[in-house]
2 protein chains.
Amino acid sequence: MKENSSVWPAGVRKTKQRLCVFSVLENAKRPLSAQEIFSRAQAEDASVWLSTVYRILDHLVGEGLAVKTAVMDSSTALYELSGGHRHYAVCVNCHRVIELTNCPMEKFVPEIAENDFRVLGHRVEMYGYCRDCDKKLSGMH
Amino acid sequence: MKENSSVWPAGVRKTKQRLCVFSVLENAKRPLSAQEIFSRAQAEDASVWLSTVYRILDHLVGEGLAVKTAVMDSSTALYELSGGHRHYAVCVNCHRVIELTNCPMEKFVPEIAENDFRVLGHRVEMYGYCRDCDKKLSGMH
DNA sequence: CTCGGTGCAAACTCTTTGCATTGAC
DNA sequence: GTCAATGCAAAGAGTTTGCACCGAG
């Protein structure tokens, strides 16, 4: 387990539940659902409750430390620490999430007037079939 | 109401419910939730049921006629007809969805080997504050 | 007539909320 | 001791499923 580095907002208490959820997110290699975070947190420390995980996540999002997302073709919310500039490819068959290593947005200026929208960030998502599903499905007919 | 153009998959019956949902999607200017589609469909034809809307949407997605998405910061699934090449800016405060008129992906080749992932499409999403929310929030402190 | 689609109810999953209690500071 | 955070239960959204009936082809 990595050391909890970084920011700790003023007035926020260092409970083991929050430390635990934060550590799970720090070590995650892809965005996780609340359920997944809950499971991993339980593996580290039995005394976490799912509703507490949701509350901590809301808190983290409110503080700007985490980001709430959702990928194509699924209606479950996913969470990851913010700051990381990550983009994914999502398999619409098995819902596997694959990290992209380059970003098309570096030079992109959206056609919205500056004062019509204050851009905080962006998301890019490719969707299609991962190799395994592509094989499986094209072998089917 | 626009004419239902385009494809009708073989073996699919032209029920008024399906025609109605399809027409709602054709006339939508942004992705809609199942609830929104349900409301609009009811306005056109009283006899549609929410579960039927879900079933028709699943059907359309399965046939590749529609796409199921979800935007940042919300866990409700949204649907739109596929083929349209649309990208959005999403206000993380009021959840307003604003259409972008240009696309950064036109020349983008993601760093995934061709045979590791078969790309069907992509999504781009800016997030931040729309003008109204930005005003409101910056006036607050 | 047949079989896919629909009405309707009930179940299920994901997420939020209320309240008494706990524990960080 | 104080107040934020948690445990736990129960409610609330959003979504899916089962089954009998209906109606497009």
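**Contacts, salt bridges and strands**

Mentor: In the side chain of A:T15, an N or O atom lies 2.9 Å from a phosphate oxygen of DNA strand D. That is a polar contact, defined as a pair of N or O atoms within 3.5 Å; within protein, one must be able to donate a hydrogen and the other to accept it, and residues adjacent in sequence count only if both atoms are side-chain atoms.

Trainee: Before we go on, what are the ground rules for these values?

Mentor: The model is predicted: local features need pLDDT of at least 70, side-chain atom pairs count only at pLDDT 80 or more, and totals for chains, interfaces and linings use all residues. Residues are numbered from 1 along each chain as its sequence is written, chains are lettered from A and ligands numbered from 1 in the order in which they are written, and side-chain values use heavy atoms, with hydrogens and water left out.

Trainee: Which side chains approach the bases of DNA strand D?

Mentor: A:R13 places a polar side-chain atom 3.0 Å from a base oxygen of DNA strand D.

Trainee: How many residues surround DNA strand D?

Mentor: There are 21, the closest being A:T15, A:S47, A:T52, B:R13 and B:Y54. A residue is counted as near a molecule or strand if one of its heavy atoms lies within 4 Å of it. Of the atoms of DNA strand D that come within 4 Å of the protein, 57% belong to sugar and phosphate.

Trainee: And what is the make-up of that surface by class?

Mentor: It has 6 nonpolar, 9 polar and 6 charged residues. Here Ala, Val, Leu, Ile, Met, Phe, Trp, Tyr, Cys and Pro count as nonpolar, Asp, Glu, Lys and Arg as charged, and the others, Gly among them, as polar.

Trainee: Which element supplies the largest share of it?

Mentor: Helix 3 of chain A does, with 5 residues. At least two residues each come from helix 1 and helix 3 of chain A and from helix 3 of chain B. Helices (H or I, at least four residues) and strands (E, at least two) are DSSP runs, numbered from the N terminus.

Trainee: Changing topic, how many salt bridges are there over all chains?

Mentor: The count is 4, where a salt bridge is a side-chain nitrogen of Lys or Arg within 4 Å of a carboxyl oxygen of Asp or Glu. In one of them, A:E63 pairs with A:R18, and the closest N and O atoms are 2.8 Å apart. A:E63 is in the loop between helix 3 (50-62) and strand 2 (66-69) of chain A, while A:R18 is in helix 1 (residues 16-27), so the bridge ties together parts that are 45 residues apart in sequence.

Trainee: Is A:R18 buried or exposed?

Mentor: A:R18 is buried, at 4% relative accessibility, whereas A:E63 is partly exposed at 27%. Buried means under 20% relative accessible area, exposed over 50%, and partly exposed in between (1.4 Å probe, protein chains only).

Trainee: What does B:R18 pair with in chain B?

Mentor: B:R18 forms a salt bridge with B:E63, at 2.8 Å from N to O. B:R18 is buried, with a relative accessible area of 4%, and B:E63 is partly exposed at 26%. Beyond neighbours within four places in sequence, the contacts of B:R18 (heavy atoms within 4.5 Å) include B:W8, B:I56, B:H59 and B:L65.

Trainee: What about the salt bridge of A:E36?

Mentor: Its partner is A:R30, at 3.0 Å from N to O. A:E36 is partly exposed at 26% relative accessibility, and A:R30 is partly exposed at 32%.

Trainee: Now the strands: what is the order in the open sheet of chain A?

Mentor: The 3 strands have the order 1-3-2, with antiparallel pairing; two strands pair if DSSP finds at least two bridges between them. Strand 1 (32-33) and strand 2 stand at the edges with a single partner strand each, so one side of each has no neighbour in the sheet. Strand 1 and strand 3 (residues 78-81) of chain A pair over 2 bridges, and A:L32 has A:Y79 as its bridge partner.

Trainee: Which strands does strand 6 of chain A join?

Mentor: Strand 4 (residues 87-91) of chain A runs parallel to strand 6 of chain A, with 4 bridges between them; A:A89 is partnered there with A:M126. Strand 6 of chain A also runs antiparallel to strand 6 (residues 117-130) of chain B, joined by 13 bridges, and A:V119 has B:G128 as its bridge partner.

Trainee: Why is strand 6 of chain A described as largely enclosed?

Mentor: Of its 14 residues, 10 are buried, so strand 6 (residues 117-130) of chain A is largely enclosed by the rest of the structure.
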